[in-house]
Amino acid sequence: MSLDTARAAETPLSGTADLLAYFRSAEKPRDTHKLGLEHEKLLFLGGTRPPGPVPYEGPRGVGALLESLGPSYQPYRERPDGPAIALQRGALTVSLEPGGQFELSGTAGRTARELHRENVQHLDEVGRAAAGLGIRVAAFGYRPFGVVGEMPWMPKTRYSLMRQSLGERGKLALDMMLMTATGQVSLDWADEADCARKVCAVARVAPLMVALYANSPLVRGAPSGKMSFRSRVWEDVDPARCGYLPSMIDGSFSYQAYVEWALDAPMLFLRRGGEYRAVGMTFREHMQRGFEGRPATMED
C-alpha cells in the first residue's frame with residue numbers, strides 16, 4: 001500500500017472536470033510506457049504448529065525483519081520517533097499491509113521480464129533475512145491458518161481508521177486487510193481510449209486469471225470448498241467497492257464512468273494537517289459541503 005509521500009495541490013476543486021483532468025495528466029506517449037508490479041507475501045513464525053502470524057515487535061518481529069534487510073535501504077517512518085513501516089531504495093519500496101503482509105512495490109520497467117528479475121532478487125533477499133530470524137515467507141492468496149482475532153496490526157496510522165470504516169461495511173473486510181495477499185500490476189496508457197481498452201481487458205480476463213493461479217483453498221487449516229478463498233473474501237468487503245463496474249464489462253468505460261462511481265464510494269478517511277480523520281461521507285458530498293469549513297482539494 002502507498003506511503004502517501006506525494007503531495008498534490010491544495011487548490012479547491014471546482015468540480016468533476018478537475019478530477020477528469022487528473023486522469024488526462026497521467027497519459028503518456030506509447031514509446032515511454034512501463035509496467036509496475038506489487039507483490040505481497042505472508043509471514044509465518046517458524047517452529048510453531050500451526051505456523052502463527054508474525055507480530056511487529058520483538059526479536060523475531062516484522063520490525064526486526066525490516067531492519068535485517070540491511071543498510072542499502074532507507075527506513076520510512078510516519079514521524080521521526082516512530083517505528084519503521086517501510087523501506088525505500090531508489091524507486092523500490094518494501095511496505096507492510098495491515099496484518100504484516102510484506103509487499104514489494106518494484107521499479108517500473110519496460111518488460112515483464114525486468115519486473116520478474118527484480119522480484120526474484122527481492123524474494124531471495126527477504127527469504128535469507130527471514131530465515132535468520134526463524135520466519136517463513138510464502139505467497140498464498142489467503143492465510144491458511146489462524147483467525148482474524150489472532151492477527152497483529154501493523155503500526156500504520158491509517159489502518160486503525162480503515163479497520164473501523166471497512167469493518168462496518170463488509171463481513172470479510174478485516175479478512176481482506178489481515179489475511180490476504182496478492183500480486184498487482186500497474187499499466188501506463190496513452191489516452192482515454194487506450195485506458196478503456198486495458199481496463200476492460202483486465203476486468204474480463206480476471207476470472208480466468210483467478211482460476212489459473214488460485215492457491216488459497218484452506219481456511220483455518222481446513223478446505224474451504226473454494227480454490228480461491230481470497231476471491232470469496234472480496235465479495236464481502238464493501239458493497240460500494242466490490243465487483244465490477246458495468247462499464248468495464250460492456251466496453252463503455254471512460255474517465256467519466258470511473259469518476260462518477262468513485263465519487264459515491266464512502267471515503268475511508270481524509271488526511272488533514274498530517275492526520276487521518278474519519279469523515280463518514282462520500283467524496284461527492286465532500287465536494288458539495290467540504291469538511292470542517294475547508295473545501296475539497298486535489299490533495300484530498
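Q: Where is Arg 220 found?
A: Arg 220 sits in the loop between strand S8 (218-219) and strand S9 (222-223). Strands here are DSSP runs of E with at least two residues, helices are runs of H or I with at least four, and both are numbered from the N terminus. Keep in mind that this is a predicted model, where local features need pLDDT of at least 70, side-chain atom pairs count only at pLDDT 80 or more, and totals for chains, interfaces and linings use all residues. Residues are numbered from 1 along each chain as its sequence is written, and side-chain values use heavy atoms, with hydrogens and water left out.

Q: Why is Arg 220 called exposed?
A: Buried means under 20% relative accessible area, exposed over 50%, and partly exposed in between (1.4 Å probe, protein chains only). Arg 220 comes in at 63%, so it counts as exposed.

Q: What makes the phi of Arg 220 worth a look?
A: Most residues other than glycine have a negative phi. Arg 220 is not a glycine, yet its phi is positive, at about 55°.

Q: Which segment holds Glu 292, and why is Glu 292 called exposed?
A: Glu 292 lies in the segment after H10.

Q: What is the peptide bond from Arg 49 to Pro 50, cis or trans?
A: That bond is cis, with omega near -5°. Most peptide bonds are trans. Pro 50 belongs to the loop between strand S1 (35-45) and helix H2 (62-68).

Q: How do you know that the buried residues of H9 line one face of the helix?
A: The buried residues of helix H9 (residues 255-263) are Tyr 255, Val 259 and Leu 263. Seen down the axis, they fall within an arc of 60°, so they line one face. The arc is taken from the directions from the helix axis to the C-beta atoms.

Q: What do the buried residues of H9 pack against?
A: They pack against helix H1 (16-25), helix H6 (192-213) and helix H10 (283-289). Contact means heavy atoms within 4.5 Å.

Q: Which helix holds Val 205, and why is Val 205 called partly exposed?
A: Val 205 is in helix H6. Its relative accessibility is 33%, so Val 205 counts as partly exposed.
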